[in-house]
Amino acid sequence: MEAGTTPPGTGAPDVASGAPGIRAEGVRKEFSSRRGEVVALDEIELEVHPGEFVSILGPSGCGKSTFLYIVGGFVEPSAGTVVVGAEPVRRPSPERGIVFQEFVLFPWKTVLGNVTFGLARKGLGRAERKQLAQRYIEMVHLHGFEHHYPKELSGGMKQRLAIARTLATDPSVLLMDEPFGAVDAQTRVVLQQELMEIWERTKKTVLFVTHSVDEAIFLSDRIYVFSQRPARVKAVLEVNLPRPRSDEEIRASAEYAELHRELWSLLRREQPEELGDDGP
Ligand SMILES: Nc1ncnc2c1ncn2[C@@H]1O[C@H](COP(=O)(O)OP(=O)(O)OP(=O)(O)O)[C@@H](O)[C@H]1O
Ligand SMILES: [Mg+2]
């Protein structure tokens, strides 16, 4: 699907992608502890159309992870609702795969073991699980490492494994929390490219959290900019760059320069010292 071709506001399954949309209305989250109350999110309105790739960009600590966990069903909002497809989110579901900000791998399981683990509840036989896991291991270019343990992998490889493990369960919605935050700049570009290819092939609905202006522009159909805490939606920008995108072509385009300038001017008024390292 191309950016902007889905009618907004339906939230209903799209024929082309088969994936559900996401709609958040009036989402607020307060945390209370002995030290007082923290309002993380305030009246968040957000929509991801079926099969769309949407990023959330915002300063550190503003509430991005909290929002993603609410969409994932891991955290309950203090007010407001999130609907995925036609269903209000109340608890985690295998339909909503999440890649967490920190690597969450099973250190005692091999690459193959980590990927097959999530397939247990699919009711597949052992051989089928292994075959399916192998497909996703190949998709993220980890073949040859099936019998390695996470501690024997580099940061980028661990992140690929986390992505393969989530993709293998075939969720229709992919929630990704700064999945490339812990890898070096070169690996990050490679992983972004791989994610784009996978998304273009599978047409999942993706909600992606990032600190990086470059990454948000390169990947997204639309970008939500969150304010500093309590997070509110500060702006929503359309990215009308043609797909498939190549890193060099995108960076050379006038639209990229304009988006980059606009996003930085929005973010600069928040917490500039805490932003990613790809500033102007
Ligand atoms: N379980 C919790 N209990 C209390 N406060 C929390 C909890 N989880 C998050 N917070 C607070 O909510 C605010 C938002 O945190 P969150 O992790 O969502 O930010 P973030 O935008 O993802 O930050 P970063 O970009 O650094 O990952 C922070 O002030 C944090 O301290
Ligand atoms: Mg976070």
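This is a predicted model: local features need pLDDT of at least 70, side-chain atom pairs count only at pLDDT 80 or more; totals for chains, interfaces and linings use all residues.
Residues are numbered from 1 along each chain as its sequence is written, and chains are lettered from A and ligands numbered from 1 in the order in which they are written.

Strands are treated as paired where DSSP finds at least two bridges between them. On this basis, an open sheet of 6 strands with mixed pairing is found, in the order β6-β7-β8-β3-β9-β10. From one strand to the next the twist averages 15 degrees, where axes are lines fitted to C-alpha atoms, for helices over the stretch in contact, and angles between N-to-C directions run from 0 to 180 degrees.

Within this sheet, strand β3 (residues 53–57) pairs in the parallel sense with strand β8 (residues 205–210) over 5 bridges, and the bridge partner of Val54 in β8 is Leu207. Helix α8 (residues 254–268) packs on the sheet and touches β3, β9 and β10, with a direction that makes about 175 degrees with that of β10; contact here requires C-beta atoms, placed from the backbone, to lie within 7 Å. Strand β3 also pairs with β9, again in the parallel sense, over 4 bridges, and Ser55 stands opposite Ile223 in β9.

A residue is classed as buried if 20 or more other C-beta atoms lie within 10 Å of its own, as exposed if 12 or fewer do, and as partly exposed in between, with C-beta atoms placed from the backbone. By this criterion 5 of the 5 residues of strand β9 (residues 222–226) are buried, so the strand is largely enclosed by the rest of the structure. Arg222, Tyr224 and Phe226 point one way from β9, while Ile223 and Val225 point the other way. Strand β9 runs antiparallel to strand β10 (residues 233–238), to which 5 bridges join it, and Val225 stands opposite Ala235 in β10. The two strands form a hairpin with 6 residues between them, and Pro230 lies in this loop between β9 and β10.

A second hairpin joins β1 to β2 through 2 residues. These strands run antiparallel and are joined by 9 bridges, with Gly36 in β2 as the bridge partner of Ser33.

A nonpolar core is defined as a set of buried Ala, Val, Leu, Ile, Met, Phe, Trp, Tyr and Cys residues joined through C-beta atoms within 7 Å. The largest such core holds 59 residues, of which Phe67, Val71, Ala164 and Leu207 touch the most other members. Helix α4 (residues 155–168) gives the most to this core, with 6 residues. When residues up to four places away in sequence are not counted, Leu207 touches Ile22, Val48, Val54, Leu68, Val71 and Leu175.

Around ligand 1 there are 14 residues, of which Phe31, Ser60, Lys64, Ser65 and Thr66 come nearest; a residue is near a molecule if its C-beta atom, placed from the backbone, lies within 6 Å of it. Strands β1 (22–33) and β2 (36–48) and helix α1 (64–72) each supply at least two residues of this shell, and α1 gives the most, with 3 residues. The shell divides into 4 nonpolar, 8 polar and 2 charged residues, where Ala, Val, Leu, Ile, Met, Phe, Trp, Tyr, Cys and Pro count as nonpolar, Asp, Glu, Lys and Arg as charged, and the others, Gly among them, as polar.

Backbone geometry sets several loop sites apart. A cis peptide bond joins Arg229 and Pro230, with omega about -5 degrees, and the bond from Arg243 to Pro244 is also cis, with omega near -5 degrees; Pro244 is placed in the loop between β10 and α7 (247–252). Asp170, although not a glycine, has a positive phi of about 55 degrees and is found in the loop between α4 and β7 (173–177). Asp170 is partly exposed, with 16 other C-beta atoms within 10 Å. Lys203, likewise not a glycine, has a positive phi of about 55 degrees and lies in the loop between α5 (185–202) and β8. With 18 other C-beta atoms within 10 Å, Lys203 is partly exposed.

Conventions
Two residues are in contact if their C-beta atoms, placed from the backbone, lie within 7 Å.
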